[in-house]
Amino acid sequence: MEQRKCQRGLLAGCVVAALLWSITEAQLRYSISEEVSEGTVVGNVAKDLGLDKNTLENRRCRTVSSDVNPLFNINHADGFLYVSRKIDREEVCAQSSSCVMNVKIVLENPLEVHYVDVEVLDINDHSPTFPEKEKRLEISESVLPGARFQLKPARDPDSGQFSVQQYKLSQSDHFRLEVRDKGEDGKIPILIVKKSLDRETARGHSLKMTALDGGKPAKTGSIDIKIKVLDINDNAPVFLMEDYLARVDENTPVGEVVIQVNATDFDDGTNGEIVYSFGSTMNPNILKLFDINSLTGELTVKGLLDYEEKDKYEIEIEASDKGTAPLTTEKSVIIKIVDVNDNVPEIEVTSFSSSIPENSRPGTTVALISVNDLDSGLNGKVVCTLNADVPFTLTPSLKDNMFSLVTKEPLDREKQPQYDVTITAKDAGDPPLTSRKTVNVMVSDVNDNKPQFSLSPYTFYVTEGNNPGASVFSVSASDIDENDNARISYQVNRDNGDENKFTSFLNINSDSGEITALKSFDFESRKTFQFQIVASDSGTPPLSNNVTVNVFILDKNDNAPVIMYPLSSNGSAEGVEEIPRNVNAGHLVTKVRAYDADIGYNGWLLFSLQEVTDHSLFGLDRYTGQIRTLRSFTETDEAEHKLVIMVKDNGNVSLSATATVIVKLVEPKEAFAASDVKSAALGDEDSNVTFYLMITLGSVSLLFLISVIVLIAMQCSKSTDYTSKYLQETNYDGTLCHSIQYRSGDKRYMLVGPRMSIGSTIVPGSHANTLVLPDRRRTSEETM
């Protein structure tokens, strides 16, 4: 016992590391004794693989096992592979001569798999035992020296040299022991008669057989053999064939006959009747699979045969006669199990990455796939395929039936955010068996799409006089990415040179794109301007896009008419006109002149008499402002008349101004004198006014021509498929109005107001300065 404890302690503390490094299979191989305590180091995996401590932690080095309580684990701190629980070699490997445990070690980022083979070495921790304490034999006295009696062998759960190695028989003059080596079934003791028996001398014999294993010191087990000497039966059964060999398919139905053995016996009577049975050394597991008819010798299937469990059985069949001292002959029957395709391939997905970035390059590993088929030959040869509608492929690994699921083409999350990848494993059996496994691969977003505006460019119309700080319009952009990559912020591009002074008066809500004006717009100061808005997402790095915004300012009636004539010396709208009493009806007394800085209806002026001393004497043209006599003066008419003229524009809320004209009636001579002086003064004044008016009209005409050219260019750059647009005179300076000449009866008049385009129509109830262009599509259709 002391020696055994010393040996076990020596084996438990002795670790053999790194026995073999296989270049072709990229495997490590270690060995360790069974029964070592938990935490015993198997080997330094990190050192043998060339990995440092940081790599172990960063790449999540770990062992992968289907067992809930694995035998081995790896220490992240030092990279040692250690025993996680006590190992009983006889439990994990049974009677196998070699006990090798496969340990799979996985490292991530990038994915790496290493295979470690750990051989569990046997120690001599079991003693040989016999299936029974006592063996009774009946042997006829007529047996000749050399007769053989096979005994049940002792069983030792240990393997190799620690299994049963020899048998010893107690001292006997009539018997000796011979050992037969049967390979996997161990050593079989055979009792041999070395000297003829004499029942009259000795009715029986007591022997003790001892089994020894190969330990140092050897462990033993013994059995008592009781031999009863019987009377004569001197012929043993003889089998008709030297060798018996049979083939049977796995999964053969119970009761199916495998083979039939036949033996004969030359004795008569009961000594010649033969019964068949299994040998006494038969493995109990075999007795669960096969049965034998004791009378016919037919060997039948009793249990489920599985090629993957064992492909060959050697069965010992005994033929015994029914003599008083029966004679027995043994024969080995070899039964080979034929593999059939009865195992479906098993698919195992390891180190699966459920999400992969959309910018991953082709060839990026998504998962490791291992396929296992317990069948052999073509039945165990497996081909793996994927469904055709996915951008992935399978590439074989160094190890058989190992594959990598990799990308085969670029991914685009915006087109397809996820894939259901179905892996089909099909063996080459007849008929083939197939299994499938589906994994869901999510495509994660990267910032690869710029924000897109809903319109480009934007065009907005804003009425002048807006409230500062109020929203005037808004823009909107969208991004087909997701999360932060699709979160958009807006800003005004203020690096536009001359236009920068206008963008400084604008503010934009960075989240909603709503634009507010920090000041009121004045149509008379500025008709239109443009600026750019930049939309940026929140990705890393961020992507941006810009859009041009064209703003047209619409006029409103915010300027009252201004009286140009008459004007008194103190600047008030008041004048005195002297006319002769003898003038006829229709005489032009004077003309009231006025202008309005607004345009359109807002700038169209109408004249009306608000106050007059005698309505029968004077009339006012509502369009031209001319004051004329309605009849000839009489002696009874007053010498002085006061006329109050109101000039009113045509805005929705009209604005107006008034002028006062004092008309004095004088005698013709005085009138002629005053007329000469006044004519000279008026001539000078008219000449000055005419000069300035010509310059102003020329400037306005030039600006108007330029505006028309710009507007035509803008319209040509846009689509002509529209119904109506607003047209502004962007360079109108608001100092003078255009005029339209028309005839009313036998008189010609000039209407003050903005110039209208040919074919345009004034729309009542509009913004008063809006000219609606005719629908060009309808015009073209009517022309056709």
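A residue is termed buried under 20% relative accessible area, exposed over 50% and partly exposed in between, with a 1.4 Å probe and protein chains only. By that criterion, Phe 392 and Tyr 419 are both buried. The model is predicted: local features need pLDDT of at least 70, side-chain atom pairs count only at pLDDT 80 or more, and totals for chains, interfaces and linings use all residues. Residues are numbered from 1 along each chain as its sequence is written, and side-chain values use heavy atoms, leaving out hydrogens and water.

**Overall composition**

- The protein contains 8 helices and 54 strands, taken as DSSP runs (helices H or I, at least four residues; strands E, at least two) numbered from the N terminus.
- Of its 784 residues, 41% count as buried.
- The protein exposes about 42,000 Å², of which carbon and sulfur atoms supply 50%; the areas follow the Shrake-Rupley method with a 1.4 Å probe.
- With contact meaning heavy atoms within 4.5 Å, 66% of the contacts between residues at least 6 apart in sequence join residues at least 24 apart.

**Aromatic pairs**

- Rings of Phe, Tyr and Trp (its six-membered ring) pair if their centres lie within 6.5 Å; planes under 30 degrees apart count as stacked, over 60 as edge-to-face and the rest as tilted.
- This rule gives 12 aromatic pairs.
- Phe 392 and Tyr 419 form an edge-to-face pair, because their ring centres are 5.6 Å apart and their planes stand at 85°.
- This pair links distant parts of the chain, with Phe 392 in strand β29 (residues 392-396) and Tyr 419, 27 residues away, in strand β31 (residues 418-427).
- Phe 529 and Phe 531 have ring centres 6.2 Å apart and planes at 25°, so they are stacked; both residues are buried.
- Phe 529 and Phe 531 also belong to a cluster linked by ring pairs, together with Phe 453, Tyr 458, Phe 460, Phe 473 and Phe 521.

**Charges over rings**

- A charge sits over a ring if NZ of Lys or CZ of Arg is within 6 Å of the ring centre and within 35 degrees of the ring normal.
- The charged end of Lys 519 lies over the ring of Phe 505, 4.5 Å from its centre.
- For Arg 593 over the ring of Tyr 565, the distance to the centre is 5.8 Å.

**An open sheet**

- Four strands form an open antiparallel sheet in the order β25-β27-β30-β29, where pairing requires at least two DSSP bridges between two strands.
- β25 (346-350) and β29 stand at the edges with a single partner strand each, so one side of each lacks a neighbour in the sheet.
- Strands β27 (residues 365-372) and β30 (residues 402-407) pair over 5 bridges, and Leu 368 has Ser 404 in β30 as its bridge partner.
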